[in-house]
Amino acid sequence: MASEQTTQEYILHHLTNATMCMTDDGLQTNYGKGLEEASAACQEAGFWVWNIDTLAWSILLGVLFLWLFRRVAKTATTGVPGKTQAFVEMVVEFVNDNVRDSFHGKNNLIAPLGLTIFVWVFLMNLMDLVPVDLLPWAAGQIGAAATGVDPHHVYMKVVPTTDLNLPLALGLGVFVLILFYSIKVKGFAGFAKELTMQPFNHWSMIPVNFILESVTLLARPFSLALRLFGNLYAGELIFILIATLGLWQLPLHFPWAVFHILVIVLQAFIFMMLTIVYLSLAHEDH
């Protein structure tokens, strides 16, 4: 931890995204600004603030996933597989087995979607195991060398799933698919009947049914997003707090990292499984 920063400034620096927005004064970023100035840089922009580090890392990891699996698929052999091919086949088989057990409709999209969600979320979560100072320090040094700014005024969060915007975007994407397949499979009338005639199958209970079913439906994307965000944000914050201890962090960092590996895998698995279950329910035509 740099001596020029207090513990509070150090923590806030690591929890601050690199942002970009459009205001009346033109394009604004928090690059090269102190913490107070950085937090105020895009306040007037409202909703349209881009966390460019989240976008960059999530896209980079998505491309890495596509490149790796495509490369393995193109070079796959029917003989004794190499380690990479064996690992990819194990992941694909694992996802396929879970889709077969949990999804009861017929849709060729579900297995590829489940695979994409599991591996992509896992890779984004895995960035939490990178030492908290390494990449922000490198970004600060590059910024200082290239433009002469204070390294502490260069911001970078490298774990996309600790930015609430990304889990919410994933959850809303799943929600759109739920609505699409609910209407496609059941028809608009069937979907409306599901919202108004369950769980109490009587016309007098339509308002109560609608409220209960609407809350249940709307809670799905938010439960997906908040569960993922909350677990990864808490994990990142603990890594940052451990890093403030200086040399005393060494005996604490390793056991927490080992435990956090379980969280990283488990949260990717839960997100995938709930997506499969929600889409299975959307395909059920009562």
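Which residues of H5 are buried? In this predicted model, they are Ile 110, Leu 113, Gly 114, Leu 115, Ile 117, Phe 118, Val 119, Val 121, Leu 123, Met 124 and Asn 125.

Thr 161 sits in the loop between helix H6 (134-147) and H7. With a relative accessibility of 0%, Thr 161 falls under the 20% cut-off, so it counts as buried. Its side chain makes a polar contact with the side chain of Asn 125, at 2.8 Å, and Asn 125 is itself one of the buried residues of H5. Leaving aside residues up to four places away in sequence, Thr 161 also touches Met 124, Leu 166, Pro 167, Leu 228, Phe 229 and Leu 232.

On the annotation side, an unreviewed UniProt entry lists residues 47-69, 109-127, 164-183, 228-250 and 256-281 under "transmembrane region". Here is how two of those spans look in the model:

| Span | Helix | Strand | End C-alpha separation |
|---|---|---|---|
| Residues 109-127 | 89% helix | 0% strand | 28 Å |
| Residues 228-250 | 74% helix | 0% strand | 27 Å |

Key:
Residues are numbered from 1 along each chain as its sequence is written. This is a predicted model: local features need pLDDT of at least 70, side-chain atom pairs count only at pLDDT 80 or more; totals for chains, interfaces and linings use all residues. Side-chain values use heavy atoms; hydrogens and water are left out. Buried means under 20% relative accessible area, exposed over 50%, partly exposed in between (1.4 Å probe, protein chains only). Helices (H or I, at least four residues) and strands (E, at least two) are DSSP runs, numbered from the N terminus. A polar contact is a pair of N or O atoms within 3.5 Å; within protein, one must be able to donate a hydrogen and the other to accept it, and residues adjacent in sequence count only if both atoms are side-chain atoms. Contact means heavy atoms within 4.5 Å. UniProt positions are given in the numbering used here, feature names are shortened, and annotations may be inferred rather than shown by experiment.
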